[in-house]
Amino acid sequence: FDVLRQKSLTDQAIEFFDLRDNAGEIQRKTSERILAALPLYSGVRSANAEAPELTCASAYECYLRGRQYYRWFSQDGYRQAIAAFERAVELDPTYALAYAGLAEARAFLAADLTYLSDFSDAEELLRQAAGPARQALELEPESLESLRAMAFLYLMRNFYEEADAVVRRIEQVAPDDAETLWIRGTLAADAETRLEYFQAAVDLAPNLTIARQFLGDQLREMG
């Protein structure tokens, strides 16, 4: 972990997706090859994320709207957040927090769809989350939002050790972040610890849908 802290997350990146057309397996690669393979955000609109066009006076206003929609923690909220964040980075292509928000909203929508067994749209959203996550890390590698987006993408791609390392960094600056507590719970090895973290996430953000779902599943599993 000390070594990880001394390097930027982009230097420690793991490739989430095999981008070849004829392959589906996930491969680990060196940092340089990973960064070359992960596309920068290209302005492509998100799959399964239809929302009305919105007009913002500035990138900052769009970002604030996006965060407001994101905090609904619902599929509709994520879709509207995606539209707002996409507009924010169109207005300001250097807006790191908007890129991070876009990556998070796409990834959390993908998680909700995965929970409902809608794997096709979820996979496409995860692919589309990679570019803005990379952009956020390059622009602001130590922001909570950039770190959280990366931790969640690691989690969704089953890179648990990498997710854990990033979560540890987040916990140093934001120990009471609800989304991070949920991620920490999914990484826990025992049922009691998972339950503790899921409950803490729900206590902090009662409308965090995925945390409520995992809490309910954990309670049922434990009887």
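Student: At what angle do H6 and H7 pack, and how far apart are their axes?

Tutor: In this predicted model, the two helices to compare are helix H6 (119-139) and helix H7 (residues 144-156). Two packed helices are described by the angle between their axes and the distance between the axes. For H6 and H7, the axes are 9 Å apart and the angle is about 145°.

Student: By class, which residues make up the contact of H6 with H7?

Tutor: H6 passes H7 in a left-handed crossing, and the contact is made by Leu126, Ala129, Ala130, Ala133, Ala136 and Leu137 on the H6 side, with Ser146, Met150, Leu153 and Met156 on the H7 side. Sorted by class, this contact has no charged residues, one polar and nine nonpolar.

Student: Is H7 mostly covered or mostly uncovered, and how many of its residues are buried?

Tutor: Among the helices that cover the buried residues of H7 are H3, H5, H6, H8 and H9. The buried residues of H7 include Glu145 and Arg148 as well as Leu147 and Phe152. H7 is therefore mostly covered, where buried means under 20% relative accessible area, and the count of buried residues is 11 of its 13.

Student: Is Gln218 buried or exposed, and with which side chain does its own side chain make a polar contact?

Tutor: Gln218 lies in helix H11 (residues 209-222), and because its relative accessible area is 4%, Gln218 is buried. Leaving out residues up to four places away in sequence, Gln218 touches Ala191, Arg194, Leu195 and Phe198. The polar contact of the Gln218 side chain, at 3.0 Å, is with the side chain of Arg194.

Technical notes: Residues are numbered from 1 along each chain as its sequence is written. This is a predicted model: local features need pLDDT of at least 70, side-chain atom pairs count only at pLDDT 80 or more; totals for chains, interfaces and linings use all residues. Side-chain values use heavy atoms; hydrogens and water are left out. Helices (H or I, at least four residues) and strands (E, at least two) are DSSP runs, numbered from the N terminus. Buried means under 20% relative accessible area, exposed over 50%, partly exposed in between (1.4 Å probe, protein chains only). A polar contact is a pair of N or O atoms within 3.5 Å; within protein, one must be able to donate a hydrogen and the other to accept it, and residues adjacent in sequence count only if both atoms are side-chain atoms. Contact means heavy atoms within 4.5 Å. The expected span of a helix is 1.5 Å times one less than its number of residues. Axes are lines fitted to C-alpha atoms, for helices over the stretch in contact, and angles run from 0 to 180 degrees between N-to-C directions. A crossing is left-handed if the near helix is turned anticlockwise from the far one by less than a right angle, and right-handed if clockwise. Ala, Val, Leu, Ile, Met, Phe, Trp, Tyr, Cys and Pro count as nonpolar, Asp, Glu, Lys and Arg as charged, and the others, Gly among them, as polar.
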